[in-house]
Amino acid sequence: MTIRENYEIAKKEYEKWGINVDEVLEQLKNVPISIHCWQGDDVAGFEVNKGELSGGIDVTGNYPGKATTPQELRADLEKALSLIPGKHRVNLHAIYAETNGEVVERDQLEPKHFENWVKWAKDQGLGLDFNPTLFSHEKAADGLTLSHPDEQIREFWINHCIASRKIGEYFGKELGTASLTNIWIPDGYKDVPSDRLTPRQRLKESLDKIFEEEINEDYNLDAVESKLFGIGSESYVVGSHEFYLGYALKNNKLCLLDTGHFHPTETVSNKISSMLLYSDKLALHVSRPVRWDSDHVVTLDDELHEIGLEIVRNNALDKVMIGLDFFDASINRIAAWTIGTRNMIKSLLYAMLVPNEHLKQLQEDGNFTERLALIEEFKTYPFGAIWDYYCKKMDVPVKETWLEEVKQYEQDVLAKRYSVLA
């Protein structure tokens, strides 16, 4: 049978539960995922004076063909985007500025250093998000930035974050869609600290200075991101979840939850409904931790299913800003983008094809037997036929056929890069 025929049969199965599949697909295509640029070059960036990767971040593997120029990175992103259904966003870090060979310190970055990214985003019909880069720099070498005891170092990073917010505002104005500018810092201590409060006081003061300048939220949205621990900050992280949750609520900022930044037994999916009770919006960095915050490529695992369900059944598709954050240099980087992003979209589609209101009512009625039975039965409903049709409708490869395009791109483009380097 054809993809369309399979779709029509599958659609009838869902329609029995009052699910309008055609409407679901129309809704899904308008849900953007913010795809992180740093998967394409192993978080290297394009600074003239590149620092060694630091801040508790490690990229393992040496798969050939990584992007080494902005042009290569944008070309690779274009290829990945051509394999992913829907219209999405690209998330940049400050180290992806283009300065034409000039050394520009991070506190001096300006919108002009991202003009090529904006022109490209306009051509591609994409929104852009942004992150100040508070790692891989000599002024972050001891693992402290916005909470540093040295006032001059703090001031440097404060000014960098202010500059980053202005760049985010520039993105929003130029592209007609607000940019999410997210602050994450590596600050913490390897061993148990003798004073947890003072660094957090300094971080709070630094954030207050960063946000003193009001920027129109039509163009830029501010977010802060927590972490439980990192390499070199195993015992104490200044910007903990409790710190940033309190700061975000008090100062009307978005709290960004990274799925790898919590204790191994914690789940971000379980936090979403609580957060939405007190915040109009929240942001996600979806990753896949393996024993720790290892930023593996996102797979369609139980937690990703639950994240999709929590967003959809709480009518929060317009309240949760979904971004990705993983990097794997052991496999083809374009394939990594494609696998991870398609899986994120699959989790949303799956959640939209569940009779969520009926299941909620079963819980309210105390009918836990039927609730569990239906949840389990829907796991084997013909979701795949709906997904295949959606991909065909959005003019991207169906099933695993996208992999052939990646292999061809590797042969035609990536192989030439590493043959030149060799």
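Predicted model: local features only at pLDDT ≥ 70, side-chain atom pairs only at ≥ 80, totals over all residues.
Reader: How many of the five residues of strand β4 are buried?

Author: Strand β4 covers residues 179-183 and is mostly covered. Ser-179, Thr-181 and Ile-183 point one way from the strand, while Leu-180 and Asn-182 point the other way, and all are buried. The number of buried residues in β4 is therefore five, with buried taken as under 20% relative accessible area.

Reader: Which residue of strand β6 stands opposite Asn-182?

Author: Strand β4 is joined by five bridges to strand β6, which is made of residues 220-225, and the two run parallel. Within this pairing, the residue of β6 that stands opposite Asn-182 is Ala-223.

Reader: Why does Asp-388 count as buried?

Author: Asp-388 lies in helix α13, which is formed by residues 383-393. If residues up to four places away in sequence are not counted, Asp-388 touches Ile-3, Val-398 and Lys-399. Asp-388 counts as buried because buried means under 20% relative accessible area, and its own value is 9%.

Reader: What is the phi of Asp-42, and where does this residue lie?

Author: Most residues other than glycine have a negative phi. Asp-42 is not a glycine, yet its phi is positive. Asp-42 is placed in the loop between β1 (34-36) and α3 (70-81), and at 12% relative accessibility it counts as buried. The phi of Asp-42 is about 60 degrees.

Reader: What is the relative accessibility of Asp-295, which also has a positive phi?

Author: Phi of Asp-295 is near 55 degrees, although this residue is other than glycine. Asp-295 is found in the loop between β9 (282-286) and α9 (302-313). Asp-295 counts as buried, because its relative accessibility is 7%.

Reader: How many disulfides are counted in the model, and why is Cys-37 in none?

Author: A disulfide is a covalent bond between the sulfur atoms of two cysteines. Cys-161 is in no disulfide either, as the nearest cysteine sulfur, that of Cys-255, is 16 Å away. The count of disulfides comes to zero.

Reader: What are the relative accessible areas of Cys-37 and Cys-161?

Author: Cys-37 is buried, and Cys-161 counts as buried as well. The value for Cys-37 is 0%, and the value for Cys-161 is 1%.

Reader: Which elements give two or more residues to the lining of the largest pocket?

Author: The largest pocket has a volume of about 610 Å³, and of the 17 residues that line it, the closest to its centre are Glu-306, Leu-309, Arg-313, Leu-359 and Ile-375. By class, this lining has six nonpolar, three polar and eight charged residues. The elements that give two or more residues to the lining are α9, α11 (356-364) and α12 (368-377).

Reader: How many residues line the largest cavity?

Author: The structure holds two cavities of 30 Å³ or more, and the largest has a volume of about 240 Å³. Ile-57, Trp-184, Asp-295, Asp-325 and Phe-327 lie nearest the centre of the largest cavity. Its lining divides into seven nonpolar, seven polar and seven charged residues. The number of residues that line the largest cavity is 21.

Reader: What is the volume of the second largest cavity?

Author: The lining of the second largest cavity includes Gly-40, Tyr-63, Asp-76, Arg-333 and Leu-414. By class, this lining has five nonpolar, three polar and three charged residues. The volume of the second largest cavity is about 40 Å³.

How values were computed. Residues numbered from 1 in each chain as written. Heavy atoms only, no water. Buried < 20%, exposed > 50% of the residue type's maximum accessible area, 1.4 Å probe, protein only. Helix = DSSP H or I, 4+ residues; strand = E, 2+ residues; numbered from the N terminus. Pairing = 2+ DSSP bridges. 1 Å grid on protein atoms, 1.4 Å probe; cavity = no way out; pocket = protein on both sides within 12 Å on 5 of 7 lines; lining within 4 Å. Points joined across faces, edges and corners; volume = space filled by probe spheres on them. Nonpolar A, V, L, I, M, F, W, Y, C, P; charged D, E, K, R; others polar. Disulfide = S-S within 2.5 Å. Contact = heavy atoms within 4.5 Å.
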